[in-house]
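Subject: Handover of a structure and notes on it

Dear colleague,

Please find the structure below, together with its sequence. My notes on it follow, and I would be grateful if you read them with the model open.

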Amino acid sequence: MPQITVSGTIANINNSQYKIVKFWESYDFKGQERHRIWTAWMDSDVSKFAEGDFITIEGDLSTKVSTYNKPGEDTRQVVEHSLNNCTVATHRPKVAAAPQAIIEDDELPF
């Protein structure tokens, strides 16, 4: 199986029986930004990750043809992309918004 490295933004985490991280990869297709969802099957605890974090994962490529049925549309064939035997190369937590300053009544200029 080919080993690949993929980066993206975490969309979903499952830390139950199977440790799964789903993340969106962004790529350029003929000058347009496109997105591809990946499923990374992890061997260890994934609770250190959060939705919105940026992650780079190395692993064995696995794909399969499946169907997707969006409500109100025809059923389409899609390719599901997965990584097995994964290792995390980089992890950058989502940048939190800066806290808003709280001004007390006695600090108001009027």
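In these notes a residue is called buried when its relative accessible area is under 20%, exposed when it is over 50%, and partly exposed in between, using a 1.4 Å probe and protein chains only. Please note that the model is predicted: local features need pLDDT of at least 70, side-chain atom pairs count only at pLDDT 80 or more, and totals for chains, interfaces and linings use all residues. Residues are numbered from 1 along each chain as its sequence is written, and side-chain values use heavy atoms, with hydrogens and water left out.

Overall fold

The protein chain has zero helices and five strands, giving the pattern β-β-β-β-β along the sequence. Helices (H or I, at least four residues) and strands (E, at least two) are DSSP runs, numbered from the N terminus. The five strands close into a barrel in the order S1-S2-S3-S5-S4, with mixed pairing; the twist from one strand to the next averages 45°. Angles of this kind run from 0 to 180 degrees between N-to-C directions, and the axes are lines fitted to C-alpha atoms, for helices over the stretch in contact. Two strands count as paired if DSSP finds at least two bridges between them. In general, strands of a sheet pair through backbone hydrogen bonds, either parallel or antiparallel. Here S3 and S5 pair in the parallel sense over three bridges, and Thr 39 stands opposite Ser 82 in S5.

Of the 110 residues in the protein chain, 22% are buried. The chain exposes about 8300 Å², of which carbon and sulfur atoms supply 50%; such areas come from the Shrake-Rupley method with a 1.4 Å probe, and for residues only the protein chains shown count as cover. Among contacts (heavy atoms within 4.5 Å) with a separation of 6 or more, 54% are between residues 24 or more positions apart.

Salt bridges

The structure holds two salt bridges, each defined as a side-chain nitrogen of Lys or Arg within 4 Å of a carboxyl oxygen of Asp or Glu. One joins the side chains of Arg 36 and Glu 25, at 2.9 Å from N to O. Arg 36 belongs to strand S3 (residues 32-42) and Glu 25 to strand S2 (residues 19-29), so this pair ties together parts that are eleven residues apart in sequence. Arg 36 is partly exposed, at 24% relative accessible area, whereas Glu 25 is buried, at 16%.

Lys 64 forms a salt bridge with Glu 80, with 3.9 Å between the closest N and O atoms. Because Lys 64 lies in strand S4 (residues 54-69) and Glu 80 in strand S5 (residues 75-92), the pair ties together parts that are 16 residues apart in sequence. Lys 64 is exposed at 51% relative accessibility, and Glu 80 is partly exposed at 34%.

Two further residues

Thr 56 is located in strand S4 and is buried, with 11% relative accessibility. Its side chain makes a polar contact of 2.8 Å with that of Ser 7. A polar contact is a pair of N or O atoms within 3.5 Å; within protein, one must be able to donate a hydrogen and the other to accept it, and residues adjacent in sequence count only if both atoms are side-chain atoms. Leaving aside residues up to four places away in sequence, Thr 56 touches several residues, including Val 6, Val 88 and Ala 89.

Met 1 sits in the segment before strand S1 (3-15) and is exposed, at 73% relative accessible area. Not counting residues up to four places away in sequence, Met 1 touches Asp 60 and Leu 61.

With kind regards
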